[in-house]
Each structure stands twice: as structure tokens, then as C-alpha cells.
Amino acid sequence: MKRILVVIVVAASIYGALALNSPDAPVGPDFTGPVERESAASATASVWYCTWAASGALRDSTAMIAANTPVTASLTLPQQIVGEDPDTDQVILSSPGAVAVDVGEIVRRGDTPMFVEFDGGPAAVAVVVESDSLLTGDGCLSRIPKVWELPGGSTRQGRTTTIRLFNPFPEMAKVTVSGSSESGETGLVDLQSIDIPGRTWQDVELNGLIPLLNDLSFTVTTSEGNVVPSLVVAGSTDEASWPGEAPSTYWEFPVATSSADFAPSLMLSNNGTNPANATIDVYTADGATADARQVVVDPSIPKRIDLSDLADGAMGVRVRADAPVSAVVLAEESPEAIVATGETDTGSSETPGDRIAGTVGASTPASTWLLPGLQAVAGADSTVWLLNTGTDAATVVLQPLGSGSLPTNKQLVPPGTLLGVPLGYDAAVGGYFVESTAPISVAWSAEEEKGIMFVSGTLVDG
Amino acid sequence: MPSPGTPQPTVVAAVLALDSADIADTIARVRSQVYETARIVVVGSGSTGRHAADGAGVDWMSSIPNLLGTIDHSVTHLWLLYAGALPRPDALEALVLESERSDAAVAGSKLVRADDPERLIAVGIATDVFDVPYLGLEDDEIDAGQYDVVRDVAAVAAISMLIRRDLARGVGGPDPMMPPEAAAIDLCQRARLRGARVVVVPSSEVLFPAERFRAESWREGAGRIRAMLKVYSLLTLVWAIPLRFLIGLLEAIVSPFLGRWLLFDYLRAWAWNLWHLPSLVRERLSARKGKAFGDAELFRFQMRGSAVISDLGSEIGGRLRERIDRSDGLSLSSIGSDLRQPAFIVGVLTVLISLLAVRSLWSVGWPAVGHSMPLPDSGGAAVGAYAGGWNPGGFGSVQQLPPLVGLSGGVQWLLLDSPQLAAWTLSMAAIVAGIWGTVRLMRAFDIEVVAGWAAGIVLVAGPAAQAIGDRTALGQLLALGVLPWAIRVALARWPRGRLRRLGRIAAVAWVVGLLGVLAPPLLVVPVGVLLINALLQPRGKAAWVSLAIGIIGSVFALPILLPWIAVQDLHTYLTAGSEYWTPAVIPVVAIGAAFLAGVVSASGRQLNAVLLGGMLVGAGALVARGYDLGLGREVALSGLAVVALGTALVVGGVLDSLRLGEIHGWRRILLGVGTLGGVVLVALTLVPLYHGRASLPADQLTDSLRFTAAAEGDATASRILLVGPEDTLPGDSRVVRGAAYRVISAPVPALWELDLPDPTGPDDALESLLLDLIDGEQSRAGASLASFGIRWVVVTGDTPLEAVFDGQLDLVRLGGARRPTFLVDSDNAVRALTSGDETWTRSGTGYAGDAAGGERVFVAETANTRWGPGPWSQVGWGNEVSAAEGTAGFSPIRPRRNEATMAAGVFAFLVLFSGFARRRR
């Protein structure tokens with residue numbers, strides 16, 4: 001009897017044990033990595049990377065810092081000697097405003113890529129580089145993807161292209177640069193797995209590696225660490241520089257050219273596996289020309305589209321593609337020998353100057369923009385370009401930022417038009433804060449005899 | 001005989017007054033010697049000796065050297081006698097004649113028992129190289145003349161020693177700083193160094209109380225060390241002294257198991273010699289000044305090896321034979337018979353298997369994996385942390401540490417603060433005790449040694465134990481060694497006599513208390529087992545008595561768990577965490593087969609074991625899978641321990657049933673199947689034996705974190721942030737957005753920081769930082785992590801948090817590390833930093849550095865006013881205290897410390913009382 005009872009009890013215990021459920025599997029992470037920041041000014045702390053600053057015997061750079069809120073900006077200028085302490089500076093904006101920081105007053109040793117840390121926001125930075133014969137610059141970036149696209153290069157006669165690989169982080173970065181041209185993929189064997197030591201940079205001169213190519217697009221892939229690349233295209237005097245970007249199916253370029261003196265072109269690059277069909281819309285002060293051009297961008301064959309026949313004078317463009325493409329616009333005063341891919345060289349008997357400007361576009365319109373440096377380039381005529389590709393008119397308030405309170409400027413941008421607002425130079429102004437009633441894209445340009453520069457606006461997030 | 005005409009040696013008798021009551025008898029015996037002495041002198045013992053001398057009408061001198069100073073060259077010999085020695089009338093004559101004949105400068109008598117002169121005490125003394133005496137006699141050996149040969153010996157006892165006066169003067173007589181036995185050995189060695197012969201003269205018989213001969217004391221041990229240091233050459237001392245130190249340490253460690261406590265004697269002996277080093281140096285110079293021979297002469301009459309180890313081995317062997325199986329009669333008739341005894345074989349196998357099972361722990365201690373961590377560097381600090389001190393888990397707290405930390409710290413402190421030795425010892429002891437305890441427990445069910453041993457193996461290394469080890473439940477693993485004892489002691493026959501009965505209850509109390517210290521949920525298991533046992537034998541009065549004893553003992557065990565049991569939120573403890581046991585098929589089938597076969601085929605008390613075991617397996621399995629019932633991790637793991645015990649009972653019952661002759665036919669066949677199941681379970685114990693880690697998994701952290709110890713600066717001054725899947729993190733962990741992480745001490749965390757307290761200020765701040773990183777709102781994580789004292793971030797497995805640390809301006813990814821690792825690029829990523837930017841290092845749970853008056857030190861621990869020295873202030877979530885004293889520490893919580901002291905006192909009292917009561921008749 002005892003045996004039977006015990007067996008029953010044991011069996012019941014075992015049955016009960018088997019019937020009990022196991023704990024639920026722990027809920028895993030609800031994220032896959034850090035939130036990828038758009039290169040946008042937001043209300044939080046941020047870091048902006050400026051790769052092409054230089055202050056030395058020949059060049060001067062100015063860091064244009066603008067913020068819509070009181071911030072402290074810490075500037076760090078690493079040295080190219082591994083292990084050396086960087087040069088630093090700090091700027092405090094006790095109220096919304098902007099300030100132009102002469103990099104030469106911090107250090108004067110030539111190339112000085114830097115990064116600027118803000119303890120709040122929205123805030124953004126742009127860098128202007130000048131010499132006796134050039135004017136260039138663009139907005140700095142806060143986003144660092146692992147794969148960068150840099151279209152718009154050229155090693156044809158009269159043009160030199162350089163890629164700067166800036167590693168602002170403490171650890172070594174390992175980078176591979178691959179390129180494509182009108183002839184297809186270029187063989188850049190020497191640029192496989194380049195080591196960029198922490199807090200240094202390296203310039204890659206491409207004319208020696210892949211000479212005499214009209215249209216070049218590069219992909220910078222980081223396998224270890226992180227880098228911030230930028231592309232510099234130089235003519236005989238002036239140069240244009242722009243940062244890398246991530247491909248998108250949509251681009252707005254508020255300024256493709258600022259006047260008829262500069263031949264605009266659009267460079268598209270497709271790093272995918274299938275051809276991308278791209279539609280180009282043109283915008284001027286008079287209105288829009290939708291579907292002005294339709295092109296097919298083959299994989300690994302960058303396409304340069306001459307825009308000069310699409311409109312006279314200042315124009316903005318919009319690109320819509322069925323696959324992600326990277327894009328830049330260039331405005332060249334002397335585009336001789338340039339041949340748009342698949343088009344006939346018309347030739348020219350004139351010998352104009354060689355001013356070049358180029359910039360990346362905005363992948364989305366927005367209602368709020370920050371434009372550090374606008375109207376702050378001494379001696380240059382600055383213009384802000386407002387592109388409204390939407391169907392509603394946009395009332396745009398241009399708030400100058402500087403020291404003290406400055407009067408606003410209100411503009412109405414009809415739908416489907418481009419409005420350029422000339423602003424000249426004002427020593428009291430360091431940048432602008434732009435608010436619109438409808439989504440627009442914004443850029444600014446600065447022009448003087450020695451050079452021209454385009455600077456894409458910084459979107460303000462939230 | 002001296003030749004005619006040769007002057008007869010003149011002898012002065014010196015009676016060493018060690019006990020004045022015996023002096024008169026000794027003097028009377030000296031006076032009655034056939035060979036008359038020229039003078040009788042009482043030496044030593046101050047006024048007591050003088051009084052005794054006056055009473056006997058003889059002279060008194062304070063010391064032998066003083067006596068030597070008063071006797072002139074007419075005296076040829078000095079006869080040293082202990083007070084209480086009773087020489088036969090011809091003892092002196094024999095000494096004189098033989099010493100003259102042998103030309104021996106020192107001659108000693110044969111010593112026999114005063115209460116039984118037929119039995120020998122000593123016939124000369126041999127020593128080992130460490131001057132430990134070795135007599136070479138059996139206990140109470142009968143004097144049949146087998147040693148009646150005059151021969152050279154290493155030494156003779158000063159109980160009756162005839163020494164030539166000139167030699168005595170030359171060597172300066174016995175060393176007054178030494179106790180008698182050591183002084184005699186020392187004197188003889190010094191004499192032999194000078195070329196003198198030392199002989200024993202068996203024809204000279206002296207009666208002496210046996211209990212006073214070789215009354216061991218720390219002074220004798222100190223004296224032997226001093227004797228070695230005086231006579232041996234430096235070359236010999238270079239190896240002999242360290243070896244002597246180690247052998248003494250071994251004796252001190254083993255002796256408690258033999259009922260003696262020698263550690264303090266051992267330490268006092270060495271300390272005494274250090275204290276008297278100046279006099280030792282003088283004595284050594286004097287001893288070696290006129291030496292005629294080297295150390296080889298001293299080695300001539302020494303036994304090989306160590307007398308201490310030889311005696312220990314004999315005693316342990318005898319005790320093992322006696323204890324493992326009381327029913328096996330200990331035969332002294334032949335060594336072969338002893339060796340063939342199952343108990344002996346089982347005992348040897350137990351030790352061998354235990355050594356095999358823990359061999360990997362010897363050099364590295366407990367592995368750093370899961371809830372197993374190495375012990376901290378300081379056992380004293382661990383005890384202090386448990387007893388009201390600072391809990392260093394995470395960023396620190398006042399949360400009470402588990403009792404296992406206090407116990408392991410205490411053991412570590414006793415074992416010279418070696419973490420590895422303490423871990424090895426605890427694991428080894430648990431296995432040996434578990435097997436041994438199971439054998440003893442099985443005897444309560446009439447299960448013989450071999451089956452009991454197999455059951456013991458299954459208990460400590462079977463599938464359930466392996467499951468406990470896989471889950472790195474150190475407490476439960478060690479508790480397996482105590483669990484069978486907790487039941488066995490209660491089941492033992494209820495003794496007669498109130499004192500012995502109280503002692504039994506005390507024994508149950510401290511064993512159950514020890515069980516509870518190791519794994520608190522197991523505190524109730526002995527009562528549960530005894531209850532089931534009683535229910536299985538409802539008419540058995542003994543079972544119910546055992547249950548009552550178990551209950552009372554368990555109640556008295558509770559104070560041993562103070563302060564933990566008073567402070568801990570028991571509900572939280574019992575429900576926290578989760579474990580769910582999913583056994584493999586083979587062990588389930590094996591135990592099932594064994595149980596069913598046992599239920600059907602076994603009978604008698606073996607059947608009771610099988611039934612009890614089955615009930616325990618069922619109940620334990622229910623608890624081990626009781627997540628749904630709200631049972632937490634600790635309870636579930638304790639359920640596994642119950643399964644282990646139940647399995648052992650079933651295996652023991654089934655295996656032993658096979659030897660019973662009354663099972664026949666199909667039942668025997670069925671029993672054979674069940675036995676096969678038992679054999680399978682025993683075979684499965686080979687797995688942990690193979691690894692040698694006492695069922696624990698391999699270390700997962702140490703190699704990954706070892707690089708921190710090699711980094712510049714003091715790694716212990718910083719913390720490590722571990723990120724990765726929860727099952728790759730040690731102990732408890734925290735979660736942010738579903739990703740697990742935790743903070744540990746560098747270079748490797750210790751056992752005391754496995755549990756994380758409820759989140760406090762720094763935890764909230766760190767979580768906030770991690771959220772900022774995930775949201776991409778931080779670019780200088782390094783500076784922020786440095787404020788927590790975090791110097792490294794180590795990724796232990798696949799986690800999205802790794803990408804979060806990439807792309808930070810002040811975090812350097814280290815190449816070549818075993819796991820993805822980030823280094824904080826900041827100078828001050830330390831846990832304690834002064835206002836002068838000096839880093840303080842960790843010292844126990846506190847910090848230490850250069851004292852800096854006027855400066856303050858920030859301590860990156862959860863803010864608490866008990867941090868000091870004052871004035872204390874809270875800075876953010878941390879503490880700032882004065883740096884004037886060069887230390888920063890946590891003032892213990894006095895009530896908890898008092899409770900811990902009381903717990904230790906209660907435990908010690910129960911142990912001592914139970915031992916005392918057991919030995920009383």
C-alpha cells in the first residue's frame with residue numbers, strides 16, 4: 001500500500017513538474033544600434049565635422065557657427081601627427097545668434113579639418129575657405145554613415161580632384177575607396193584598406209591614379225572605425241568642395257547656378273545593381289519645368305547632365321529617381337572640354353574665368369533651416385536661395401543671427417518657383433534662421449571675383 | 001668498569017624542579033642509588049624549587065649554567081633528572097659504567113611507565129631533520145628486552161641524562177630558554193657537533209609518569225625550531241626552515257579535522273623564535289664554535305621524512321577507517337587486511353575522486369562565469385562587507401550580502417587569505433563531505449559502504465549536481481556536502497543523558513545552520529526530509545523523534561544566518577530571478593528505472609530509502625521547474641539539490657538491494673534493470689571529473705578581462721562596463737531598451753559583487769547616459785563613463801549596444817582584445833579621485849592613497865552618509881570625503897556587525913558544545 005501511495009505521489013509530482021511552464025524568453029533589444037542622425041540641427045547636443053578647413057600662409061578659414069538657442073561650441077582641430085594633442089577653442093553664444101571664428105586665430109598650420117561640439121541646439125556650422133584666388137566652403141556634417149558617396153569628381157584637363165579622409169575619432173579607421181567613371185569602375189587598387197590613424201586625416205590625390213577622366217564618383221566604405229570624407233574639385237584658381245552623402249531617391253538643389261555666367265551641371269551616381277531612372281525638374285523665378293530631362297543612370301557609371309540649356313540664369317533643380325542615387329550640382333565658369341555623358345561637345349571660343357562652385361542637395365524639404373555663414377563672407381555677395389517645389393505658396397521669414405537682435409526679412413515664395421534673395425555682406429550677421437509656412441529647401445551662395453561657393457542649408461529637426 | 005686505580009667519576013645530581021610535588025621522591029631515589037652522588041642539587045622553579053630543596057635538605061640553584069659555575073673539576077659528570085623521575089637503584093651506576101666504557105659524553109636511561117614498569121616510554125630518541133622526536137615504539141609497548149643494547153642515538157631525554165661536566169661546560173649546558181624535551185635534543189645535538197657520543201643505556205632504568213612525557217605544547221615546537229636554527233649549517237637551513245614552515249602549516253590545517261587546533265601554537269612558535277632572534281644568534285655562534293663535525297653527523301641518526309607527516313597520515317588513516325564504516329571492525333592484525341576493507345578502499349577512492357573533481361580549481365579558484373566568481377583578494381574584507389559593511393555590487397549599496405560571502409571570506413582568511421586555496425578547499429571539502437555524509441546517511445537505511453559510496457558520488461557529481469554546476473549556483477553546490485549530514489545527524493540514535501541529547505540538538509543546529517549559510521532555501525529541507533521519512537514509517541517512534549530534533553535544531557540554526565535573515569526581504573529573495581530545469585532524457589530514464597525497480601523489488605530499509613528518494617526527486621523536480629508557481633532562482637536551484645539527494649537515496653537503495661538474497665525471479669531481473677539505471681547515473685558522474693571544475697562551467701570572463709590588469713595604472717582603481725546578452729553577463733544585470741549590461745570591478749569581479757541592488761542614483765544616471773547614446777545624442781561617452789569610474793567597455797556577445805559605443809569621440813576601440821573592447825580616452829576614469837587629481841586605489845571595499853590634508857576625494861559609489869572620513873558631502877550621486885587620512889571607507893552598520901558577531905559566536909558555541917557533549921560519557 002505504501003509503495004503504491006508513494007508511486008502515486010511521485011507520479012503526481014512529476015506530472016505537475018512537467019505541466020509547469022518555462023519562463024518566457026526575455027524580450028530582446030528594441031533597437032539595432034544608435035539612432036542614425038540626419039545631418040540636421042536638433043535640440044540636443046551634437047557634433048559637426050568640417051573636413052576642408054585650412055589656415056596657413058596661403059589660405060584662411062572661417063568657421064561660421066550659428067544657433068537658435070544659447071549654446072557652447074567647442075572647436076577641436078586635430079593634428080596630423082599621430083598622438084599629438086589637438087588645438088581647441090570654445091565659443092559661447094549666450095543667446096540665439098551666430099559668430100564667425102577665424103580658424104587662423106586658433107592655429108595656423110595649413111590644413112586643419114576640425115569638429116565642433118555643441119552642448120545644445122539647434123546649432124550648425126559651415127566653413128568658408130578663402131585665399132587670394134579662391135572662395136570655397138560648405139556646411140559641415142553631423143551624420144557619419146559607414147558608406148559615403150562622393151559624386152562630381154573629374155580629372156580631365158584643368159581639373160584636379162582630391163578626396164580628404166578625416167578621422168576625428170581616437171581609433172584607427174580602415175577605409176576602402178572605390179570609384180567609377182564614364183568608362184565604368186576604375187581600378188583603385190592602392191586605395192584598398194587604407195589606414196587612417198585616429199584624429200588625423202589623409203588626402204588622396206586622384207589625378208595621379210586615374211587621370212583624364214571626365215566624370216568620377218567615389219564610394220568610401222569604412223570597415224573599421226569611422227571617417228568623414230569630402231571631395232574637392234579644383235580648377236586653375238578656384239575650387240569647390242562638398243561632403244559625402246548617402247544616396248536618396250529624391251534631391252532638391254535650391255541653387256544649381258546663380259547666374260548665366262556659370263554653367264550648371266548635375267552629376268548623378270548609382271551604386272546599386274540596377275539602372276536608375278531619374279527625372280529632373282528645373283525651377284526658376286518664373287516657375288517650374290517639370291520633367292525637364294529624364295535620364296538613365298547605369299550602375300557604376302556616373303552621369304553628368306548639362307543643365308545650361310534648360311534655363312537661363314539662376315536655377316534650382318529637383319531630382320526624382322526610382323532607385324537611390326547620389327547627386328551634386330556644379331556651377332563652372334569655364335567648363336571647357338567638359339562633355340556631358342552621352343552629349344556632343346558644342347565647344348566655345350571664349351576663355352572665361354575658372355570659378356567653380358558645387359554642393360550637395362537636400363533629400364527632403366523642410367519648414368525650418370539654419371544657414372550658418374550666410375551674409376558673413378566679407379567682400380562677397382551672398383544670396384539665399386529658397387526653392388518651393390510644393391503646391392502651396394510659402395511665406396518665409398529670414399531671421400538674421402548675429403550679435404544682438406536683428407530685423408527679420410519676410411519673403412513669399414510662390415509654389416514651383418525659386419527665389420533668390422541677395423543679401424550682400426553684413427559684419428553684424430553670422431548666419432540666418434529660416435522658417436517657412438510650407439516645406440522648402442534652402443541654400444546660399446557667396447560670390448566675388450576670386451571665387452564662388454554654394455552652401456547647402458542645414459535642416460532643423462523638430 | 002673503570003680500571004683499578006682510576007679515580008671513580010664524581011657525579012653531581014641535578015633534579016630539574018618542574019613539579020615540586022615529585023621532587024622529594026626523586027631525591028629519595030637519588031639518595032638510594034648504589035653509585036653515590038657527590039651532591040644533590042635542585043635546579044629551577046624559583047621559590048617553589050628552593051622550598052622543595054630546603055625540605056629535602058639539599059642545595060638549590062636557579063639554572064644549570066649557574067650550577068656548572070659552582071662545581072669544580074673534581075666533578076666529572078652531571079646527572080640530570082626530572083622531578084618525578086624514579087630511577088632504579090642501579091640506574092646511575094649503569095649510566096656511569098657504560099658511559100666510561102663507551103667513552104660517551106652523554107648517556108641516557110631507558111624510560112618505563114611509572115604506573116606499569118613493564119611498558120616502555122622511550123629508549124633513546126631519534127628525530128627527523130626538523131628535530132621532531134620519534135621514538136620508534138608502539139603505543140604501550142611491553143619491555144621484553146628487545147631494545148636492551150647500548151647504542152648511539154640522536155638524543156636522550158633529560159628525564160635521566162648523564163653528561164660529562166667538561167662537555168656540559170663546553171656547550172653551556174641546556175638552553176634555559178627551551179622547554180625540557182627540546183632542550184635535551186638541542187643539548188645532544190650540540191654535543192654531537194663537538195664530536196661527543198650520545199648513547200642510550202637500557203640497563204639504566206628510570207620510571208616516569210607517561211602522561212608527562214612528551215606533553216606537547218607550543219613551547220616544545222618553538223624549542224625544536226630554535227634547536228634547528230642553532231646547530232644546522234646555513235646550507236641546510238635554506239631548505240629545512242621553509243620545509244618546516246610548510247609542514248607545520250599543513251599540520252595546522254589538517255589538525256582541526258582530527259579534533260585539535262594547532263594554528264595558534266604554530267604561529268606562536270615561529271613568533272617566539274623571531275622575538276628571541278638576538279639570543280638565538282649568540283647561541284648559534286657558541287654552538288658551532290668548537291664543532292668537530294658537520295651536519296652529516298646530525299643526520300646520521302635521523303629518520304627519513306617528517307615525523308609530523310608520518311603521524312598525521314597514521315592518524316588520518318585510522319580515523320577514516322573508523323569513521324567511514326563503524327560496523328567494519330578495524331583489524332590491526334595485518335596491513336593486507338586493512339587494505340582489503342571496503343571502507344578503506346572507498347575512503348581512498350573518495351579522496352582521489354575529490355582531488356580529480358576539483359583539480360582545475362587549485363591554481364585559479366572558482367571560474368568567472370555566470371553566478372560563479374573568484375573570491376575577493378581579502379577574506380577579512382569579505383567578512384567585513386557581510387557584517388554590516390559595504391556591498392560593492394554595481395555602484396555599491398548597503399544591501400545585505402548573502403551569507404556565503406561571509407563564510408567564504410572567513411575560510412579564506414584562515415587559509416592565509418588565498419582566494420584560490422579557499423575556493424579549492426571549500427569545493428574539495430564539499431565533495432568529500434558529501435560522499436562521506438551520504439555513506440553515513442545510507443547506513444541509517446542499512447545500506448552498505450559500496451552502495452552508499454556510489455550514492456554519494458551521484459549526490460555530488462550526478463546529473464542534478466551537474467545541473468546546479470551548469471547554473472553556477474555555488475551555494476547549492478557546496479551545500480550538497482552538508483545536506484546529507486543535516487539529515488544524518490538528526491536520524492542518529494537519540495542518545496542517553498541530557499547533556500548528550502542537548503549536544504545532539506546543537507549538532508543538528510549548527511549543521512543545518514551551515515546548510516542555510518550556503519543556500520538559505522535549503523534550511524527547510526532537512527525538516528521536510530525527516531517529515532517524509534516519518535510519514536513513511538508512521539509507527540516508527542525514532543523517525544518522529546528525529547523529526548522533532550530536526551525541527552528544534554533548525555529553529556536554533558536561524559541565528560547563524562544573522563544578519564542576513566534579519567535584513568533580507570525574504571519574499572523578494574525567494575521569488576527573484578528565474579530558473580527552469582529541463583533534464584536530459586538519459587538521466588530521467590535511468591532514475592525512473594531505478595526508482596520503479598526499487599519500489600517493486602526492494603524491501604526493508606532499502607525500500608524506505610528508495611521511497612524517500614523518489615518522493616524527494618518528485619518534490620525537487622516540482623520546485624526546480626516552479627517558475628510558474630512564483631518560485632525564484634534560489635528556490636529552484638535548491639529544488640535541484642533536493643533532486644540530487646533523492647537520486648542518491650534511490651541509487652543507494654537499489655544498488656544495495658542487489659546484495660540481498662531474498663529477492664528472486666522476475667523481481668531480481670527488474671532489480672537488475674534498476675541497478676543498470678543506477679550504474680548509468682554513476683557513470684554520468686565522470687563528466688565533471690573529466691573537467692576537474694567541480695561541475696562548474698569553464699571560465700568565460702577572466703581571459704577577456706585579463707588585459708585590464710596589464711594596462712597602465714592600477715586596474716583595480718576603475719570599473720568595466722559589460723554589455724551583451726544577459727546569459728553572458730556575470731550575476732545580475734540591468735536592461736536598457738531590452739539590451740543587458742552591468743558594471744563590474746576591474747580586472748575581474750569577485751563573488752561579493754554578483755548581486756545588484758535595486759537601482760539607485762548612479763544606476764539611473766548610467767541608464768540615462770546609455771539612452772542618450774542609443775538616441776545618438778551623445779558624442780563624448782568616454783568623459784561621461786569616466787565619471788562613473790568606468791575605464792573600459794567590453795562586449796560579451798551580440799548586442800546592439802556595441803554599435804552605440806562606436807563613433808564616440810573619446811572611446812578607443814582596442815585592437816587585439818579577445819572581445820570587442822572600448823577604452824575610455826580620459827585620464828580620470830577611476831573610482832576615487834582627489835581634488836588634486838590623484839587616483840586612489842581600491843582597498844577592500846574602500847579606497848586608499850596618499851594622505852593629502854586639505855584635499856577632498858570623490859568616491860564614485862552610491863552616496864551614503866556612512867562614507868568617511870568626514871566631513872562627508874554628496875556630489876551628484878557620489879560621495880566626497882576628506883583625503884587627510886589617506887583612506888576612504890564605509891563605517892559598518894553596527895547592528896548588523898553585532899548580529900554577525902553573534903551569529904559566529906552562536907555557531908562556534910554550538911560546534912564546541914556538540915563536540916564536548918559528544919565526548920562526555
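1. In chain A, strand 14 and strand 15 form a hairpin, with two residues between the strands. The model is a predicted one. Strand 15 covers residues 184–186, and its pairing with strand 14 is antiparallel, over three bridges. One of the facing pairs is A:Ser181 with A:Gly184 of strand 15 of chain A.

2. Strand 14 of chain A, residues 173–181, also pairs with strand 16 of chain A, residues 194–196. This pairing is antiparallel and has three bridges. Here A:Ala173 has A:Ile196 of strand 16 of chain A as its bridge partner.

3. A further partner of strand 14 of chain A is strand 18 of chain A, residues 216–224. The two strands run antiparallel and are joined by eight bridges. Within strand 18 of chain A, A:Thr222 is the residue opposite A:Val175.

4. Some overall values for chain A follow. Chain A contains 35 strands and one helix. Of its 462 residues, 59% are buried. Taken along the principal axes, the box filled by the C-alpha atoms of chain A is roughly 115 × 55 × 55 Å. Where contacts in chain A join residues at least 6 apart in sequence, 80% of them are between residues at least 24 apart.

5. In chain B, a helix pair deserves a look. Helix 24 (residues 525–536) and helix 29 (residues 604–624) of chain B have axes that come within 10 Å and cross at roughly 135°. Helix 24 of chain B and helix 29 of chain B are therefore oblique to each other. Their crossing is right-handed.

6. On the side of helix 24 of chain B, the contact is made by B:Val529, B:Ile532, B:Asn533 and B:Leu536. Helix 29 of chain B contributes B:Asn608, B:Leu611, B:Leu612, B:Met615 and B:Leu616. Seven of the residues in this contact between helix 24 and helix 29 of chain B are nonpolar and two are polar, with no charged residue.

7. Is B:Ser695 buried or exposed? B:Ser695 has a relative accessibility of 9%, so this residue counts as buried, the cut-off for buried being under 20%. B:Ser695 lies in the loop of chain B between helix 32 (686–691) and helix 33 (702–710).

8. Which residues does B:Ser695 touch, leaving aside those up to four places away in sequence? The residues are B:Val460, B:Ala465, B:Gln466, B:Gly469, B:Asp470, B:Leu477 and B:Pro688.

How values were computed
Residues are numbered from 1 along each chain as its sequence is written. Chains are lettered from A and ligands numbered from 1 in the order in which they are written. This is a predicted model: local features need pLDDT of at least 70, side-chain atom pairs count only at pLDDT 80 or more; totals for chains, interfaces and linings use all residues. Side-chain values use heavy atoms; hydrogens and water are left out. Axes are lines fitted to C-alpha atoms, for helices over the stretch in contact, and angles run from 0 to 180 degrees between N-to-C directions. Helices (H or I, at least four residues) and strands (E, at least two) are DSSP runs, numbered from the N terminus. Angles under 35 degrees count as roughly parallel, over 145 as roughly antiparallel, 65 to 115 as roughly perpendicular and the rest as oblique. A crossing is left-handed if the near helix is turned anticlockwise from the far one by less than a right angle, and right-handed if clockwise. Contact means heavy atoms within 4.5 Å. Ala, Val, Leu, Ile, Met, Phe, Trp, Tyr, Cys and Pro count as nonpolar, Asp, Glu, Lys and Arg as charged, and the others, Gly among them, as polar. Buried means under 20% relative accessible area, exposed over 50%, partly exposed in between (1.4 Å probe, protein chains only). Two strands pair if DSSP finds at least two bridges between them.
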